[in-house]
Amino acid sequence: MSATLDQREYFYRLVPPLLAQDERTALVLAEIGVGYLEPHLTDDIRSRVVNVGIREQAMIGVAGGLALAGMRPIVHTFPPFLIERPFEQVKLDLGHQGVGAILVSSGGSYGWPQGGETHFGQRDVALLDTLDGWTVHVPGHVDDIDWMLRSAVASDDRVYIRLDGIGNQRLYGHSDGRFAVLQQGNSGTVISVGPMTDRVLAAAEGRDVTVLHASTIRPFDSRTLRATLTAPDVMIVEPYLAGTSVLQVNRALADVRHRVSGVGVEPGERRKYGTVAQHDRATGLDVEGLSRSMTEFFG
């Protein structure tokens, strides 16, 4: 699949066949995405596409009810409407009731910059970290979405798939949750999450560091990190709130004296940036910013 294909667009193509193949599945929306999906819907699946309107709390509540009835709900909207606004329902209607759902976001941290703070989603993974039992996938390429969604449908787990407007030019990683070892070095380790990896590799060119790629970030692959660790200096680059996975690295290396740096979207509003590229430069997630961060941390 072309890396230039938008992850959200590919999701819309992929969902209708999945609904047709498995009558247990249902798609729950809160208005967003309805128009994009309509051309792909057929009469045999239309009854299992539920649009609750602009009612995000109800969207999660409906998903919880479907799961209690034995269905496998897929829930889709922008990250702040999927995780932040209905957080209590995510906590209670799914986690407390002990049922699963597949939450699929779109837009990453600021994929629609003209939407402003209401549509920025950098806090999503950090919020889910306060809850138990979530698998978190961060696709770096559209081809990741296929195995992530199919494996999620085949389970009853609570799964979050974080779609972004940016992606890598090639497919990295494994479909079993393990980190992929892209290069090995002696001066430290950089863990690159999802769509950050092309940039991380460019910034790491000529540096004596190990680069690991993660397309599944929860559960955290402590085994690969420990198996490839040389100098105990670890930088983790994530396309959401900076430092989100620092605790995971600390837990993985609890018995090792180490340093860790979390690079990502810094907190705070950025009202003046109207493009994704401007946001990336402002947060240091472009190649130049990542190279600078590596120099400061690894020397």
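Which residue stands opposite valine 136 in strand 10? Arginine 218 does. Strands here, like helices, are DSSP runs numbered from the N terminus (E, at least two residues, for strands; H or I, at least four, for helices). This is a predicted model, in which local features need pLDDT of at least 70 and side-chain atom pairs count only at pLDDT 80 or more, while totals for chains, interfaces and linings use all residues. Residues are numbered from 1 along each chain as its sequence is written, and side-chain values use heavy atoms, with hydrogens and water left out.

Start with strand 10. Strand 5 (residues 134-137) runs antiparallel to strand 10, and two bridges join them. Two strands pair if DSSP finds at least two bridges between them. Both strands belong to an open sheet of seven strands with mixed pairing, in the order 2-1-3-4-6-5-10. Strand 2 (49-51) and strand 10 stand at the edges. Each has a single partner strand, so one side of each is left without a neighbour in the sheet. From one strand to the next, the twist averages 20°.

Arginine 218 has another feature. A cis peptide bond joins arginine 218 to proline 219, with omega at about 0°. Proline 219 is in the loop between strand 10 (216-218) and helix 9 (222-228). Another loop lies between strand 1 (25-29) and helix 2 (34-37), and glutamate 31 is found there. Phi of glutamate 31 is near 75°, a positive value in a residue other than glycine.

Isoleucine 191 stands opposite leucine 212 in strand 9.

Next, two helices. Two packed helices are described by the angle between their axes and the distance between the axes. The axes of helix 3 (residues 56-68) and helix 5 (residues 87-96) come within 9 Å and cross at roughly 10°. That makes helix 3 roughly parallel to helix 5, a term for angles under 35 degrees. Gln57, Ile60, Gly61 and Gly64 in helix 3 meet Gln89, Val90, Asp93 and Leu94 in helix 5. Contact means heavy atoms within 4.5 Å.

A search of the whole structure finds two cavities of 30 Å³ or more. On a 1 Å grid over the protein atoms alone, a cavity is a set of points where a 1.4 Å probe fits but cannot get out. The largest cavity has a volume of about 100 Å³. Its lining residues (an atom within 4 Å of a point) include Asp164, Met196 and Asp280. The second largest cavity holds about 40 Å³ of space. Among the residues that line the second largest cavity are Glu117, Phe120 and Arg270.

How values were computed:
Axes are lines fitted to C-alpha atoms, for helices over the stretch in contact, and angles run from 0 to 180 degrees between N-to-C directions. Angles under 35 degrees count as roughly parallel, over 145 as roughly antiparallel, 65 to 115 as roughly perpendicular and the rest as oblique. On a 1 Å grid over the protein atoms alone, a cavity is a set of points where a 1.4 Å probe fits but cannot get out, and a pocket is an open set with protein on both sides within 12 Å along at least five of seven lines; lining residues have an atom within 4 Å of a point. Grid points are joined across faces, edges and corners, and a volume is the space filled by probe spheres set on the points.
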